[in-house]
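Dear colleague,

Please find below the structure that I am handing over to you. The notes after it set out what was found.

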Amino acid sequence: MGDENAKRRPEAKCALVRAFSTFGDDALRDVWLFDQRTHERLYLRDDVAEKIADLDVPRFLDNERYGYVTRDTYRDLYYADYTYTVRGFGDFEQFRTFLSDGDRKIGAFASFDRRPGGYDFGALDDDIADVVAEYPLEAFAPE
């Protein structure tokens, strides 16, 4: 099974980036995967790379890891399933979700340039769920 996951990993990650890209088109700024220990950048637009060159990326990712705690909190407090979070920043909006299979969860987030009328992030979440359903969860594990 490990060899199969390794073979499917590039395909799975490309499919995930494609889902974000199809959704956001040229507005897609970046795509990242993370788990409890590590992270992986899957896509970074050139102009965004310049803007984050001096950013403490590991610290930023550590902040995203708090989502593991809030996800469990929401599960315990609400009658509906938590599926994603959107944060609005001055120049962009950030979408974060967790790809999951039982207790194993891999975080994914992407940001998009702001646009008039906003985005249908529920549709994006559905598209990501379709991609994740096609691959074993381990194929999305950050390297």
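A residue is called buried here if its relative accessible area is under 20%, and exposed if that area is over 50%. With that cut-off in mind, F121, L124, D125, I128, V131 and V132 are the buried residues of helix α4. Because they cover an arc of only 120 degrees around the axis, they lie on the same side of α4. Helix α4 itself runs over residues 121–133 and has 13 residues. From its first C-alpha to its last it reaches 18 Å, close to the 18 Å expected at 1.5 Å a residue.

Please note that this is a predicted model.

Overall organisation

The chain contains four helices and five strands. Along the sequence they follow the pattern α-β-β-α-α-β-β-β-α. Of its 143 residues, 43% count as buried. The chain exposes about 8300 Å², and carbon and sulfur atoms supply 46% of that area. Among the contacts with a separation of 6 or more, 63% are accounted for by residues 24 or more positions apart.

Aromatic pairs

How many aromatic pairs does the structure hold? There are 15 aromatic pairs. One of them joins F23 and F112, and the pair is edge-to-face because the ring centres are 5.3 Å apart and the planes stand at 75 degrees. This pair links distant parts of the chain, since F23 belongs to helix α1 (residues 2–24) and F112 to strand β5 (residues 104–113), 89 residues apart. F23 is buried at a relative accessible area of 15%, and F112 is buried at 0%.

A further pair is formed by F34 and F98, whose ring centres are 5.8 Å apart with planes at 75 degrees, so this pair is edge-to-face. Here too distant parts of the chain are linked: F34 is in strand β1 (residues 28–34) and F98 is in strand β4 (residues 92–101), 64 residues apart. Both F34 and F98 are buried.

Ring pairs also connect F20, F23, Y84, F95, F112, Y119 and F121 into a cluster. F121 of this cluster is among the buried residues of α4.

F112 and A27 are 85 residues apart in sequence, yet their C-alpha atoms are 5.1 Å apart in space.

Is R29 buried or exposed? R29, which is placed in strand β1, counts as buried because its relative accessibility is 6%. Its side chain and that of D113 are joined by a polar contact of 3.0 Å. Leaving aside residues up to four places away in sequence, R29 touches Y43, L44, R45, V48, K51, D91, F92, S111, F112 and D113. F112 of the F23 pair is therefore also one of the residues that R29 touches.

E40 lies in strand β2 (residues 39–44) and counts as buried at 17% relative accessibility. What does the side chain of E40 reach at 3.0 Å? The side chain of E40 reaches the backbone nitrogen of E143 at that distance. Again without residues up to four places away in sequence, E40 touches K13, V31, W32, L33, A141, P142 and E143.

Two exposed aspartates

D25 is found in the loop between α1 and β1. Although D25 is not a glycine, it has a positive phi of about 55 degrees. Its relative accessibility of 54% is over the 50% cut-off, so D25 counts as exposed.

D101 is found in strand β4, and D101 is exposed with a relative accessible area of 53%. The C-alpha atoms of D101 and V132 are separated by 9.5 Å, and the two residues are 31 residues apart along the chain. V132 is one of the buried residues of α4.

Note on methods: Residues are numbered from 1 along each chain as its sequence is written. This is a predicted model: local features need pLDDT of at least 70, side-chain atom pairs count only at pLDDT 80 or more; totals for chains, interfaces and linings use all residues. Side-chain values use heavy atoms; hydrogens and water are left out. Rings of Phe, Tyr and Trp (its six-membered ring) pair if their centres lie within 6.5 Å; planes under 30 degrees apart count as stacked, over 60 as edge-to-face and the rest as tilted. Buried means under 20% relative accessible area, exposed over 50%, partly exposed in between (1.4 Å probe, protein chains only). A polar contact is a pair of N or O atoms within 3.5 Å; within protein, one must be able to donate a hydrogen and the other to accept it, and residues adjacent in sequence count only if both atoms are side-chain atoms. Contact means heavy atoms within 4.5 Å. The expected span of a helix is 1.5 Å times one less than its number of residues. The arc is that of the directions from the helix axis to the C-beta atoms. Accessible areas come from the Shrake-Rupley method with a 1.4 Å probe; for residues, only the protein chains shown count as cover.
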